[in-house]
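Open your viewer and get ready to click along. We will go from stop to stop, selecting a few residues each time.

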Amino acid sequence: MAILEVDKVTRRFGGLVAVNNVSFAVAEGEILGIIGPNGAGKTTLFSVISGFIPPSDGEIRFAGESIVGVSPDRLVRRGLVRSFQVVQTFADMTTLDVVTTAALTRRPIREAIDYAAHVLTRVGMAGKELLTPATLSLQDKKLLELAKCLATDPRCILLDEVMAGLTIAETEAPMAIVRELNSQGVTIVMVEHVMPVIMRLATRIVVINFGEKIAEATPEAIVKDQRVIDAYFGEHLDA
Ligand SMILES: Nc1ncnc2c1ncn2[C@@H]1O[C@H](COP(=O)(O)OP(=O)(O)OP(=O)(O)O)[C@@H](O)[C@H]1O
Ligand SMILES: [Mg+2]
C-alpha cells in the first residue's frame, strides 16, 4: 500500500516553477531516494509535502487521506516528519531540550525527557545531552536532525541531505540508523547527493531536474539512464 502519494504537485515562486507537475508514490516500508542537481526543487518538494508551504497545484495523500493544508505539527502527530537541510538550532537549548521537544509529540514531559536521552544514545550522541547545538560538529548536527525526527515516532521520514558534508566513514552511523529504522517498518524518503549512500540504501530512485521528474527506477537502472547521466551524473557519479 502507498503510504505517501504525490499527485501532479506544482509549486511556483512568482514566475519560477520550483516543482513542476511531479507525481510519485511511496510504498509503506520502502526507502525512496530523490536525487537531482542543485536548485532542482527537492527541498521545495519536501517543504510542500510536510506542510511548511502549500502546493500551487496538485494533491498529496498520506495514509490515504489528503494532507494539503494540514499544518506541519499535525502532520508530525500523524506520523509524517521532515528533517532540515540547513540544520536549525536554538542558541539557548541543549541537545536534550531539542530532542525532548520533539518527543513531546507523543509523550508527557517526564517520559519525553527519558525518551529523548534514549534517542540521543541511539544516534550515537550519548554524553552530548547538555551541549548546545551551535557547538556541535557538522556530523553531530546531522545526527541531531535525525534524533529530532526519531523522537516523534514517525511512520514516514523525509530526510533532506542528512549525509551531506560528511566523509564516507562518517556516513556509516546515519546509514545504520536509517537501515534499522526501516527494518522496524518506518518508511524513508531521502534526498541525498552522496551517491554511494543512495545506491546502497534506496529501493527506488526518483530524479528531479528543473522541477520536473525525469526518471523513476531502481538504483541499478537509474545509473544507466541517459537523461539522468546528462542531467546529473556528469558532476555527481564519482562524488
Ligand atoms: N522560498 C523561496 N522563494 C523563492 N524561490 C525559492 C524559494 N525556495 C526555493 N526557491 C527556488 O526554487 C528552486 C528550487 O530550490 P530548492 O531549494 O528546492 O532546490 P534543491 O533541489 O533542494 O537544491 P539543493 O540540492 O541545492 O538543496 C531554486 O531556484 C530556489 O532558488
Ligand atoms: Mg535542497
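Is Glu65 buried, partly exposed or exposed? Glu65 is partly exposed, with a relative accessible area of 48%; buried means under 20% relative accessible area, exposed over 50%, and partly exposed in between, using a 1.4 Å probe and protein chains only.

Before going on, note that this is a predicted model, where local features need pLDDT of at least 70, side-chain atom pairs count only at pLDDT 80 or more, and totals for chains, interfaces and linings use all residues. Residues are numbered from 1 along each chain as its sequence is written, chains are lettered from A and ligands numbered from 1 in the order in which they are written, and side-chain values use heavy atoms, leaving out hydrogens and water.

**Stop 1: salt bridges**

The term means a side-chain nitrogen of Lys or Arg within 4 Å of a carboxyl oxygen of Asp or Glu. Arg78 sits in helix H2 (residues 72-78) and Glu65 in strand S5 (residues 65-66); helices (H or I, at least four residues) and strands (E, at least two) are DSSP runs, numbered from the N terminus.

Next, select Asp140 and Lys128, which form a salt bridge at 2.8 Å, N to O. Asp140 lies in helix H5 and Lys128 in the loop between H4 and H5, so the pair ties together parts that are 12 residues apart in sequence. Asp140 counts as buried at 8% relative accessibility, while Lys128 is partly exposed at 26%.

**Stop 2: the magnesium ion**

Now click on ligand 2, a magnesium ion coordinated by Thr43 (OG1) and Gln85 (OE1) at 2.0 to 2.2 Å. Thr43 belongs to helix H1 (residues 42-49), and Gln85 to the loop between strand S6 (80-82) and helix H3 (95-103). Donors are N, O and S atoms within 2.8 Å of the metal (3.2 Å for Na, K and Ca); water is not among the atoms, so sites may look incomplete.

**Stop 3: helix H3**

**Last stop: two domains**

Finally, colour domain 1 (2-79 + 154-236) and domain 2 (90-151), whose bounds come from an automatic or database domain assignment. Here 18 residues of domain 1 are in contact with 11 residues of domain 2.

Definitions and conventions. Contact means heavy atoms within 4.5 Å.
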